[in-house]
Protein chains: 2
Amino acid sequence: MLSRRTIVALSLLAVLPGVAIAQAPPADPLPSWNDGPARHAIIDFVTRVTTDGSPDFVPPAERIATFDNDGTLWTEQPVYFQLAFAFDRIKALARERPDWRTKQPFKALLDHDMHRVAAAGEKGLLEIMAVSHTGISTEEFSKVVLDWTANARHPRYDRPYTELVFQPMLELMSFLRANGFKTFVVSGGGIEFMRPWVERVYGIPPEQVVGSSGAVKLQTSGNGKPELMKLAKVEFIDDGPGKAAGINRFIGRRPIFAFGNSDGDLQMLQWTMAGPGARFAGLVHHTDAEREYAYDRDSKVGKLDKALDEATAKRWTVVDMKHDWKVIFPPAK
Amino acid sequence: MLSRRTIVALSLLAVLPGVAIAQAPPADPLPSWNDGPARHAIIDFVTRVTTDGSPDFVPPAERIATFDNDGTLWTEQPVYFQLAFAFDRIKALARERPDWRTKQPFKALLDHDMHRVAAAGEKGLLEIMAVSHTGISTEEFSKVVLDWTANARHPRYDRPYTELVFQPMLELMSFLRANGFKTFVVSGGGIEFMRPWVERVYGIPPEQVVGSSGAVKLQTSGNGKPELMKLAKVEFIDDGPGKAAGINRFIGRRPIFAFGNSDGDLQMLQWTMAGPGARFAGLVHHTDAEREYAYDRDSKVGKLDKALDEATAKRWTVVDMKHDWKVIFPPAK
């Protein structure tokens with residue numbers, strides 16, 4: 001038990017920040033980042049915009065930070081995780097759809113013939129996305145997503161997909177929040193696919209998620225309550241130029257800090273950097289085939305080409321995953 | 001200057017909430033609300049959902065409160081304020097549009113012939129809205145709105161429109177925020193018309209505003225920077241069933257507290273009340289012709305008919321403006 005004297009000392013410490021008391025050095029806010037230019041640039045930027053009296057000071061309300069999701073906050077190989085979810089959902093639904101045994105692209109998917117699935121092209125993919133993501137209420141869909149995140153396993157790592165998030169990026173988001181930033185996900189992925197788990201995994205509440213979305217229809221459910229039915233109609237694609245529009249629509253404030261990893265994030269980064277005052281643009285460059293994946297200009301998933309050129313020309317921060325990160329994923333649970 | 005003894009006492013008070021110390025009674029959080037059923041219902045609800053151990057306790061992250069804007073947070077008579085803005089903008093733009101002197105509905109508007117403007121019907125109104133709200137960048141539009149809120153005056157009160165907000169509702173929103181709620185505007189009005197001033201007037205940041213919106217196009221401005229051009233294409237109408245869809249799209253969490261004033265808010269209130277646990281639905285009933293306006297079932301603006309019936313049947317809280325509110329507006333500045 002603490003003595004009264006200790007309590008008084010502690011409480012003085014709490015309310016009188018000016019009092020000089022010998023204390024342990026502050027813990028490293030980015031323990032998984034190697035000492036290098038990326039880490040330096042992050043800490044330097046945060047220090048400048050949060051130091052009272054600094055010419056670069058930004059009031060807390062305007063400290064908006066946006067993060068792409070696929071490839072920036074979690075892995076996106078061998079396929080976008082939402083596509084893996086769609087495939088798994090088709091397999092689960094197939095029990096009640098015997099007609100799919102003979103109908104493409106479902107037959108190919110159920111036969112694990114991924115070449116044939118790919119051959120179905122965009123049309124086939126859209127059909128898979130529509131069937132796996134619509135025709136149920138938003139509430140039911142949320143449960144389906146949570147069930148998948150709890151039970152599905154990534155083929156290479158044999159871990160839940162929500163454990164394949166980048167530990168250094170988790171630390172970066174915590175560091176920003178501890179410095180008064182509001183962190184947002186701005187993803188090309190589906191908004192309703194992300195919201196059920198982002199709070200637990202990223203510490204980001206659902207209302208701070210921007211993403212692609214489908215239309216919904218308000219109707220009365222069997223028990224007489226209103227429900228929102230997910231329709232097979234795309235409403236908004238939050239990718240490329242859509243990311244600037246999505247930030248404007250959902251946040252209504254220009255970020256001062258943005259992180260992406262592919263050409264689909266270029267306009268978000270440009271939009272962020274076009275405002276006045278101090279600004280930060282970052283790219284995660286997947287350079288680590290051993291611990292994760294290595295890909296950029298020629299990749300079908302997360303192609304990083306134009307954005308890499310622009311980042312180089314404009315001296316944005318490019319994270320070299322292999323050299324900048326001590327670990328990739330959090331420890332297995 | 002405070003003595004060391006006082007500082008210690010104060011710090012103990014700050015860190016040891018269990019310590020009983022004689023103190024002044026807490027200030028009334030709702031000083032503009034008369035003692036009555038509406039005020040009681042609000043305080044009772046907030047106490048129940050915020051008291052640890054209460055069967056109705058709701059964790060802070062889920063304390064989402066949504067407020068309609070027109071007629072709920074500010075006056076909406078004799079016309080929606082956004083329409084007054086549109087009219088003023090047409091008049092300002094007319095200097096460079098001599099053709100409008102002979103073209104309806106612009107001619108009628110410039111002649112102050114409001115009957116003739118009304119006769120142009122929905123088509124004429126949409127034309128006025130399009131011309132006054134589009135063809136400029138989001139950034140320029142924000143400046144136009146701020147200029148209008150600073151200079152335009154309401155015809156009856158001769159005050160800036162942003163001063164015609166309801167003092168009791170400002171207190172209610174502050175009270176909720178002080179109790180861990182996150183407050184959102186969910187309005188049929190334009191999202192870009194509200195965002196420039198909501199933070200100053202309501203204490204609500206722009207990212208917590210849901211509203212109707214038009215499409216935008218990302219393009220490069222004259223100085224080489226990206227800008228979002230406002231297009232004459234409606235993207236989303238946040239009214240009626242759209243309010244449930246808008247809450248789902250922008251917030252992604254069901255509110256536990258919602259306030260409206262018209263049939264356009266009915267689905268928001270139903271959506272709020274359909275969730276589990278303790279919930280609150282409120283309506284502002286405009287009953288005060290002397291201090292503000294009195295209207296409900298037969299009004300063209302802010303019609304309150306079906307929602308009033310449902311509120312009565314389901315015992316939602318209906319604020320009787322005349323009897324429940326000591327003052328309507330904040331003191332003039």
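Student: Which residues of H9(A) are buried?

Tutor: In this predicted model, the buried residues of H9(A) are Ile191(A), Glu192(A), Phe193(A), Met194(A), Arg195(A), Trp197(A), Val198(A), Val201(A) and Tyr202(A).

Student: What makes helix H9 of chain A mostly covered?

Tutor: Helix H9 spans residues 191–202 of chain A, and nine of its 12 residues are buried. Buried means under 20% relative accessible area. Just after H9(A), Gly203(A) has a positive phi of about 70°.

Student: What does Tyr202(A) touch?

Tutor: Leaving out residues up to four places away in sequence, Tyr202(A) touches Asn69(A), Leu73(A), Trp74(A), Val165(A), Leu170(A), Met173(A), Arg177(A), Val185(A) and Trp197(A). The largest nonpolar core has 156 residues, and Tyr202(A), Phe257(A), Tyr202(B) and Phe257(B) touch the most other members.

Student: How many of the residues of chain A count as buried?

Tutor: Of its 333 residues, 53% count as buried. Chain A has 13 helices and seven strands, and its C-alpha atoms fill a box of roughly 75 × 50 × 35 Å along the principal axes. Among contacts in chain A between residues at least 6 apart in sequence, 66% join residues at least 24 apart.

Student: What is the area buried between chain B and chain A?

Tutor: About 3,500 Å² is buried between chain B and chain A, and carbon and sulfur atoms give 57% of that area. The contact involves 45 residues of chain B and 45 residues of chain A.

Student: Why is the pair Arg254(B) and Glu139(A) called a salt bridge?

Tutor: The closest N and O atoms of Arg254(B) and Glu139(A) are 3.1 Å apart. The cut-off is 4 Å between a side-chain nitrogen of Lys or Arg and a carboxyl oxygen of Asp or Glu, so the pair qualifies.

Student: How do you know that this pair joins two chains?

Tutor: Arg254(B) lies in the loop between H10 and strand E5 of chain B, while Glu139(A) lies in helix H7 of chain A, so the pair joins two chains.

Student: Why is Arg254(B) called buried, and what is Glu139(A) called?

Tutor: Arg254(B) has a relative accessible area of 18%, which is under 20%, so Arg254(B) is buried. Glu139(A) has 44% relative accessibility; because that value lies between 20% and 50%, Glu139(A) counts as partly exposed.

Student: What makes Glu207(B) and Lys182(A) a salt bridge?

Tutor: Their side chains meet at 2.9 Å, N to O, and the cut-off is 4 Å, so the pair counts. This pair also crosses between chains: Glu207(B) is in the loop between H9 and E3 of chain B, and Lys182(A) is in strand E2 of chain A. Glu207(B) is buried because its relative accessible area of 9% is under 20%.

Student: Which elements give residues to the side of chain B that touches chain A?

Tutor: The elements of chain B that give two or more residues include helix H7, strand E2 and helix H9. H1(B) gives the most, with seven residues. The residues on that side divide into 23 nonpolar, nine polar and 13 charged.

Key. Residues are numbered from 1 along each chain as its sequence is written. Chains are lettered from A and ligands numbered from 1 in the order in which they are written. This is a predicted model: local features need pLDDT of at least 70, side-chain atom pairs count only at pLDDT 80 or more; totals for chains, interfaces and linings use all residues. Side-chain values use heavy atoms; hydrogens and water are left out. A nonpolar core is a set of buried Ala, Val, Leu, Ile, Met, Phe, Trp, Tyr and Cys residues joined through side-chain atoms within 4.5 Å. Buried means under 20% relative accessible area, exposed over 50%, partly exposed in between (1.4 Å probe, protein chains only). Contact means heavy atoms within 4.5 Å. Buried area is the accessible area (1.4 Å probe) that two parts lose on being put together, summed over both. Helices (H or I, at least four residues) and strands (E, at least two) are DSSP runs, numbered from the N terminus. Ala, Val, Leu, Ile, Met, Phe, Trp, Tyr, Cys and Pro count as nonpolar, Asp, Glu, Lys and Arg as charged, and the others, Gly among them, as polar.
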